[in-house]
Amino acid sequence: MEAERCYGTSSPRARRDGFRIGLQAVFRAMGVWRRLLVFGGVSLRGCGGVRVPLGGSRLVICRRQFSGAESETLKQRRSQIMSRGLPKQKPIEGVKQVIVVASGKGGVGKSTTAVNLALALAANDSSKAVGLLDVDVYGPSIPKMMNLKGNPELSQSNLMRPLLNYGIACMSMGFLVEETAPLVWRGLMVMSAIEKLLRQVDWGQLDYLVVDMPPGTGDVQLSVSQNIPISGAVIVSTPQDIALMDAHKGAEMFRKVHVPVLGLVQNMSVFQCPKCKHKTHIFGADGARRLARTLDLDILGDIPLHLNIREASDTGQPIVFSQPESDEAKAYLRIATEVEHFMKFIFQRTHLEKHLVWLRLRERERVKGFPRL
C-alpha cells in the first residue's frame, strides 16, 4: 500500500522511492541470498551477479555461484534423492547371465529371434544350461513357438517350475492364462506379474537366461532393467526406417539404465525368390547397419525373410531345432556365437574392474597405515 501511495504522487522522487519500496518487498519475498538494495550509486549485491541498468540506477541481481567441491556435492546429493524409491538390483537365484532381446517396435521378429537365439546358445555349447523368459505380458508368444501348454508345477518352496522343451526351460504369462484370454490389466497389475515372473520361478542352475521383452520403452522394460542385473541387450529391427527410429530409442533407453547393448540384429534383411533366386530388399537395404554406425554398435548378424522361418515358428518347431543345417538356422547360430563373444568380453571386463577397485582400496589402506586386507 505504501508503494501504491508513492506511485500515486506526481513527484519523480516519490515515484522512485515507491519503486524502491516495491522492489524491496519483491526481493524479500523471493528470499535472495545476501541482498542489499540501493539506488543512486548504491547497488543490490550478492555473491556474484550481473548488473542490469534500470531507469538511471544500476541493479545487481544475485546469482549464487558454487565452488567445484560444492557443485560436486550437490550433484551427488541430487543423485541420491533421485535414486530414492528405485528398486535395488538383485540377481535371479541360480542364473549366471541374463540376455534381453528387445525392439522398439512390434512385428519385427523379436520373439522369433529370442527363441532361436536361446536354442542356438544351447546348440553351440551343449554343456550350457539355457532358459527362456517371456515378459511380454500382453502378447506372449513363447508357448506357441516352443510348443508348450499347461500350468507350471510348484516346488516345495512354492516356486513355479519352468516348462521344458527342446532342452530349454521356459516361463511365460501364457502358461498362466487361457490362450485366447486378453489381459486387460493396468500398470500395477502388470508390474506385479513381472515381479512374480522374475522372483517366483525355480530356474535351477542356468548359464544363460534369454528374456523376450515386449516392444517399446515402457514400464516393463524399466522394471526389468532396474530389478535384475542384465549382462547385455540385443536389439532386433528390420531395415525399414520406421522400425529403425524405434530401435534407436530402445538402444538409448538401455544406455540410460546402464545396460550394455551387445549389438543389433537385422531381421528380414533380404528376400530371395525360391524359383529365380533373385534377391529383393523388401524393407530396404542395410538400414540397421547405418543405425549401428550411428550408435557405435556392432551388427550381430542378418536374418533373411524366409518362409521356412515363419512356418517353423508357427508349428512350434523353431528352425534352429527342426532344420539346423539350413542357411537360416546357421544365421542364428552365428548370432549366438557373436553374443557369446561379447558376453565373455563383458564378463572379463567386469572382473577386471572389480579387481582394480580392490587394488585401489588395498593401496589406500596401506598408505593410511591400516592393516592389509
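**View A. Helix 8 and helix 9 cross in a right-handed sense.** Right-handed means that the near helix is turned clockwise from the far one by less than a right angle, and left-handed means anticlockwise. By class, this contact of helix 8 with helix 9 has 6 nonpolar, 3 polar and 4 charged residues. Ala, Val, Leu, Ile, Met, Phe, Trp, Tyr, Cys and Pro count as nonpolar, Asp, Glu, Lys and Arg as charged, and the others, including Gly, as polar. The model is predicted, so local features need pLDDT of at least 70 and side-chain atom pairs pLDDT 80 or more, while totals for chains, interfaces and linings use all residues. Residues are numbered from 1 along each chain as its sequence is written, and side-chain values use heavy atoms, without hydrogens and water.

**View B. The axes of helix 8 (residues 241-256) and helix 9 (residues 287-295) come within 10 Å, crossing at roughly 30°.** Helix 8 is therefore roughly parallel to helix 9 (angles under 35 degrees are roughly parallel, over 145 roughly antiparallel, 65 to 115 roughly perpendicular, the rest oblique). Axes are lines fitted to C-alpha atoms, for helices over the stretch in contact, with angles from 0 to 180 degrees between N-to-C directions. Helices are DSSP runs (H or I, at least four residues), numbered from the N terminus. On helix 8, D241, L244, A247, H248, A251, E252 and R255 meet G287, A288, R290, L291, T294 and L295 of helix 9; contact means heavy atoms within 4.5 Å.

**View C. Helix 6 (residues 187-199) and helix 7 (residues 219-227) have axes that come within 10 Å and cross at roughly 35°.** This crossing of helix 6 and helix 7 is right-handed. Helix 6 contributes V190, M191, I194, E195, L198 and R199, and helix 7 contributes D219, V220, S223, V224 and N227. These residues divide into 6 nonpolar, 2 polar and 3 charged.

**View D. The largest pocket holds about 830 Å³ of space.** A pocket is an open set of points on a 1 Å grid over the protein atoms alone, with protein on both sides within 12 Å along at least five of seven lines; a cavity is a set where a 1.4 Å probe fits but cannot get out; lining residues have an atom within 4 Å of a point. Among the 41 lining residues of the largest pocket, P140, S141, P143, K144 and M145 are the closest to its centre. Helix 10 gives the most to this lining, 5 residues.

**View E. The largest cavity has a volume of about 30 Å³.** Volume is the space filled by probe spheres set on the grid points, which are joined across faces, edges and corners. Its lining consists of A102, S103, G104, G216, T217, I235, G250, M253 and F254.

Definitions and conventions:
Helices (H or I, at least four residues) and strands (E, at least two) are DSSP runs, numbered from the N terminus.
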